[in-house]
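Biologist: Could you take me through one part of this protein at close range? I would like to start from a single side chain and then see what lies around it.

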Amino acid sequence: MDSTERPDHVLVVDDDPGIRGLLESALRFAGYEVAVAADIPQALEQVRTSLPDIIVLDVMLPGGTGFDLLTMLRSKSIGVPVLFLTARDAVEDRVRGLQLGGDDYVVKPFSVVEIGARIEALLRRLRGTAAPAGTALSFHGLSLDPERHEVRRDGLRIELSPTEFKLLRLLITRPGQVFSKAQILESVWQYDFGGDSVVVERFISNLRRKIDEGHQPLIQTVRGVGYTLRR
């Protein structure tokens, strides 16, 4: 975090007061501005009052779920990165969260060091797409404009999250090159998390749904190797 700029604002949403207190103290100590919420209404009010730079969101909340909150945010075109907190054995929760537009997840029990590392990686990714440099890129009817943070397919605009945008930019910058899951993790997420490939697979699936549905597929899987943009 650049000490000359305002602190990044993190919203922690969890109904467990112990977890809220732990994360609030640790993140404030790390230099973040922190707000907390125990349920969906409180979280929505916090977002309305002061839009955070990132949300740390528990899946299980009273009167709803973190998925419900994420759906509400994305329906309002609020693209704030979301880091889910999930149970260690709830693989389906992780997949669903990524399907709905979440950006990453940490399994419980977690360490505050890992939470901090994931937040920093997400914020680096966000800063890397918020004001990117470079000229527009195109490939067979698909265009990506880094300056405007805009993607179009055959002239129609496609809404992508910052993470989806960065993944697509990686692929469209080098069409035909096959990227392994490890290379994608390193380039887009800036860290390797133990060979867990579900995040890459889910974001590739999201991009295909948004970009290729109803068109000739451009995002290709090279079995046993990785992914590429190819006609």
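Modeller: Gladly, and please keep in mind that this is a predicted model. Let's start with phenylalanine 203, which has a relative accessibility of 1% and therefore counts as buried, the cut-off being under 20%. Phenylalanine 203 sits in helix H8, which covers residues 198-212. If we set aside the neighbours within four places in sequence, phenylalanine 203 is in contact with Leu98, Gly102, Asp103, Ser161, Thr163, Glu164, Leu167 and Trp189. One of these contacts, glutamate 164, is 39 residues away along the chain, yet the two C-alpha atoms are separated by 6.6 Å.

Now on to a sheet. Strands E8, E9, E10 and E11 form an open, antiparallel sheet in that order. At its edges are E8 (137-139) and E11 (156-158), each of which pairs on one side only. From one strand to the next, the twist averages 25°. Helix H6, residues 162-173, packs on this sheet and touches E8, E9 and E10, with its direction at about 115° to that of E9. Within the sheet, E9 (residues 142-145) and E10 (residues 150-153) pair over four bridges, and leucine 144 has valine 151 in E10 as its bridge partner.

Charged side chains are worth a look here as well. Glu150, Arg152, Arg157 and Glu159 are linked in a network of salt bridges. In one of its pairs, arginine 152 meets glutamate 150 with the closest N and O atoms 3.0 Å apart. Glutamate 150 counts as buried at 13% relative accessibility, whereas arginine 152 is partly exposed at 28%. In another pair, arginine 157 and glutamate 159 have their closest N and O atoms 3.6 Å apart. Glutamate 159 is exposed, with a relative accessibility of 56%, while arginine 157 is partly exposed at 45%.

Conventions
Residues numbered from 1 in each chain as written. Predicted model: local features only at pLDDT ≥ 70, side-chain atom pairs only at ≥ 80, totals over all residues. Heavy atoms only, no water. Pairing = 2+ DSSP bridges. Helix = DSSP H or I, 4+ residues; strand = E, 2+ residues; numbered from the N terminus. Axes fitted to C-alpha atoms, helices over the stretch in contact; angles between N-to-C directions. Contact = heavy atoms within 4.5 Å. Buried < 20%, exposed > 50% of the residue type's maximum accessible area, 1.4 Å probe, protein only. Salt bridge = Lys/Arg side-chain N within 4 Å of Asp/Glu carboxyl O.
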